[in-house]
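The structure comes first, and the description follows.

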Amino acid sequence: MKIFIDSGDTDEIKEAQSMGLVDGVTTNPSLAAKSGKRFKDLIMEITEIVDGPISAEVVAITAPEIISEGEDIASWHRNVVVKVPLIAEGLKAVKVLTSKGIKTNVTLCFSASQALLAAKAGATYVSPFVGRLDDIAVEGMDLIRDIRLIYDNYGIETQILTASARSPVHFVEAARIGSDVITAPWSVLKMLVHHPLTDIGLKKFLADAEKIKR
Ligand code: G3P
């Protein structure tokens with residue numbers, strides 16, 4: 001499973017990158033706004049840190065405008081993936097962008113039927129938001145399971161990008177199901193490293209190491 005960091009904070013992207021954790025980056029308008037940087041500047045800065053897919057979201061909501069904004073965004077750097085909302089106009093745009101060889105990430109996916117349509121349109125990635133489903137008392141990971149089953153039934157190549165991941169449980173479950181990618185904030189990625197038995201074990205080893213000459 002590939003790991004993307006969901007962030008617009010270049011310091012945390014650098015930190016995660018230095019741990020060898022990052023295969024790619026996802027951003028959204030909310031994360032980009034938090035950075036306080038001009039959108040293009042932020043994306044270009046991220047391309048300097050990570051050599052992998054970097055999702056940058058359009059703000060247009062009609063197909064012609066999404067296509068034109070998407071073409072512009074895609075021209076910024078070879079690693080940029082155009083993130084498009086899962087609406088009818090978005091699907092029309094994805095079909096055109098895909099035919100032009102532009103990679104897309106269809107975002108705000110909340111149902112298996114939407115995921116199937118994104119694949120039909122030729123999306124490179126589909127982003128089902130598991131945490132936001134959990135928020136409304138719907139089991140988010142069930143959606144990942146359904147999409148995996150449906151995509152495998154038909155040999156669909158669109159990659160499942162588990163998004164809105166909020167915990168290490170989402171991470172492990174996504175790997176069990178066979179999600180192609182997970183994107184998670186730095187706060188969650190950091191949590192994956194820690195185990196109390198590792199800390200206790202290391203403390204004991206270091207204490208015992210004091211007793212011998214090296
Ligand atoms: O990748 C989508 C993600 O940014 C949404 O996460 O936590 O705002 O639901 P969240």
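Leucine 108 belongs to strand S5, which spans residues 104-109. The model is a predicted one. In this residue, leucine 108, phi is positive, near 65°, although the residue is not glycine. Most residues other than glycine have a negative phi. Is leucine 108 buried, partly exposed or exposed? Its relative accessibility is 33%, so leucine 108 counts as partly exposed.

Serine 164 also has a positive phi, near 60°, and is likewise a residue other than glycine. Serine 164 is found in the loop that runs between strand S7 (159-162) and helix H9 (168-177). Because the relative accessible area of serine 164 is 12%, and buried means under 20%, serine 164 is buried.

Serine 164 is also one of the residues around the ligand. By type, the shell divides into three charged, three polar and two nonpolar residues.

| Residue | Side-chain atom | Distance to a ligand oxygen atom |
|---|---|---|
| Asparagine 28 | polar atom | 2.8 Å |
| Arginine 132 | N or O atom | 2.7 Å |
| Arginine 166 | polar atom | 2.9 Å |

On its own, the ligand has 310 Å² of accessible area, and the protein covers 82% of this.

Technical notes:
Residues numbered from 1 in each chain as written. Predicted model: local features only at pLDDT ≥ 70, side-chain atom pairs only at ≥ 80, totals over all residues. Heavy atoms only, no water. Near = heavy atom within 4 Å. Polar contact = N/O pair within 3.5 Å; in protein donor to acceptor, adjacent residues only side chain to side chain. Areas by Shrake-Rupley, 256 points an atom, 1.4 Å probe, with all protein chains shown as cover. Nonpolar A, V, L, I, M, F, W, Y, C, P; charged D, E, K, R; others polar. Helix = DSSP H or I, 4+ residues; strand = E, 2+ residues; numbered from the N terminus. Buried < 20%, exposed > 50% of the residue type's maximum accessible area, 1.4 Å probe, protein only.
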